[in-house]
Amino acid sequence: MSNYKISTRQWLGAAVLALAAAGAQAGVVYGSNLIVNGDAESDVAASWSAFDGYARPQAVDYGPNWVLPTQPGSADRGKRMFAGDGARTAGYQLLDLAGTLTQPLSFKLSGWLGGWASQGDNALLYVSFLDDGDGEIGHAALGPVTPGDRGNVTGLLYREVSDWLPVGTRRLMFSLSMERLGGGDNDGYADNLAFVLDAPSPSTVPEPAGLSWLALGVMAWASTRRRRAAAP
Ligand SMILES: [Ca+2]
Ligand SMILES: [Ca+2]
């Protein structure tokens, strides 16, 4: 599974090289979840794009074919969760900071990840911190959650990590990937994914002119990217 992490970074890097932006929405905020539809309750196609050569994550109902409402997972899980679709699934969202970060800013990345019984199918949430040239200057990741972590029980477990966005960060790319290792269904599961920026302390609040980067926007990603196969 550690190999999967590495391969994820590789294909994300390839995608970033070809990154092109189109239009941005305003909106933003400290203390709010910046991942759109992180709970899988609304239209996935309208919120997550698929990497070339990969399927988009799908939203499935909690139930007999996936995870029962009574099995491990968030108490606030809603009706749906993300599952993979086919052998290789990878979707993304791009968030433009509308300016370059001039001071470190703390964040928390959290979510519920899981899988089916003893199968190794797994999900990974990965956030790339991109600079002005769309090079990756840092990252954070959640998962994968292994069958061992789950005690071979079907369900999702909570994971979180807190860290700092580095100076120079201009964009964030959230990527959700699922890997199928057993059976016909891709049982990499995810729900309630969140990325929250903490407000800077009063002593580190930037000058008013520096606040323009707060006008974050989710950017549509209409360009076609070169496909690059992930390493095995
Ligand atoms: Ca949900
Ligand atoms: Ca499976």
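**Exercise 1. Is Val 127 buried or exposed, and how many other C-beta atoms lie within 10 Å?**

Residues are numbered from 1 along each chain as its sequence is written, and chains are lettered from A and ligands numbered from 1 in the order in which they are written.

*Solution.* 
- Step 1: recall the cut-offs. A residue is buried if 20 or more other C-beta atoms lie within 10 Å of its own, exposed if 12 or fewer, and partly exposed in between, with C-beta atoms placed from the backbone.
- Step 2: apply them. Val 127 has 25 other C-beta atoms within 10 Å, so it is buried.
- Step 3: Val 127 sits in strand β7; strands (E, at least two residues) and helices (H or I, at least four) are DSSP runs numbered from the N terminus.
- Step 4: list the neighbours. Two residues are in contact if their C-beta atoms, placed from the backbone, lie within 7 Å. Leaving aside neighbours within four places in sequence, Val 127 is in contact with Leu 109, His 139, Ala 140, Leu 172, Met 173, Phe 174 and Phe 195.
- Step 5: check a C-alpha separation. Val 127 and Leu 94 are 33 residues apart along the chain, and their C-alpha atoms are separated by 9.7 Å.

**Exercise 2. Describe the overall layout of the chain.**

*Solution.* 
- Step 1: count the elements. There are two helices and 12 strands.
- Step 2: read their order. From the N terminus on, they run α-β-β-β-β-β-β-β-β-α-β-β-β-β.
- Step 3: look at burial. Of the 232 residues in the chain, 37% are buried.
- Step 4: look at contact range. Among contacts between residues at least 6 apart in sequence, 82% join residues at least 24 apart.

**Exercise 3. Which residues have the most contacts inside the largest nonpolar core?**

*Solution.* 
- Step 1: define the core. A nonpolar core is a set of buried Ala, Val, Leu, Ile, Met, Phe, Trp, Tyr and Cys residues joined through C-beta atoms within 7 Å.
- Step 2: name the residues. The largest core has 43 residues, and those with the most contacts inside it are Met 81, Phe 82, Leu 113, Phe 174, Leu 176, Tyr 189 and Ala 190.
- Step 3: find the contributing elements. Those giving two or more residues to this core are β4 (80–83), β5, β6, β7 (122–130), β9 (155–165), β10 and β11. The largest share, seven residues, comes from β7.
- Step 4: zoom in on one residue. Not counting residues up to four places away in sequence, Ala 190 touches Met 81, Phe 82, Gly 111, Trp 112, Leu 113, Ala 123, Leu 125 and Leu 176.

**Exercise 4. Find some backbone exceptions.**

*Solution.* 
- Step 1: keep the background in mind. Most residues other than glycine have a negative phi, and most peptide bonds are trans.
- Step 2: find the cis bond. The peptide bond from Gly 143 to Pro 144 is cis, with omega near 0°; Pro 144 lies in the loop between β8 (136–142) and α2 (147–150).
- Step 3: find positive phi values. Asn 37, not a glycine, has a positive phi of about 55° and lies in the loop between β1 (22–24) and β2. Asp 134 has a positive phi near 65° and belongs to the loop between β7 and β8.

**Exercise 5. Decide where to read the model with care.**

*Solution.* 
- Step 1: take the averages. The mean pLDDT (the predictor's confidence in each residue, from 0 to 100) is 81 for the chain, and 75% of its residues reach 70 or more.
- Step 2: The pLDDT is below 50 over residues 1–28, and it stays under 50 over residues 207–232.
- Step 3: draw the lesson. Where pLDDT is low, the predicted coordinates should not be read in detail.

Key: This is a predicted model: local features need pLDDT of at least 70, side-chain atom pairs count only at pLDDT 80 or more; totals for chains, interfaces and linings use all residues.
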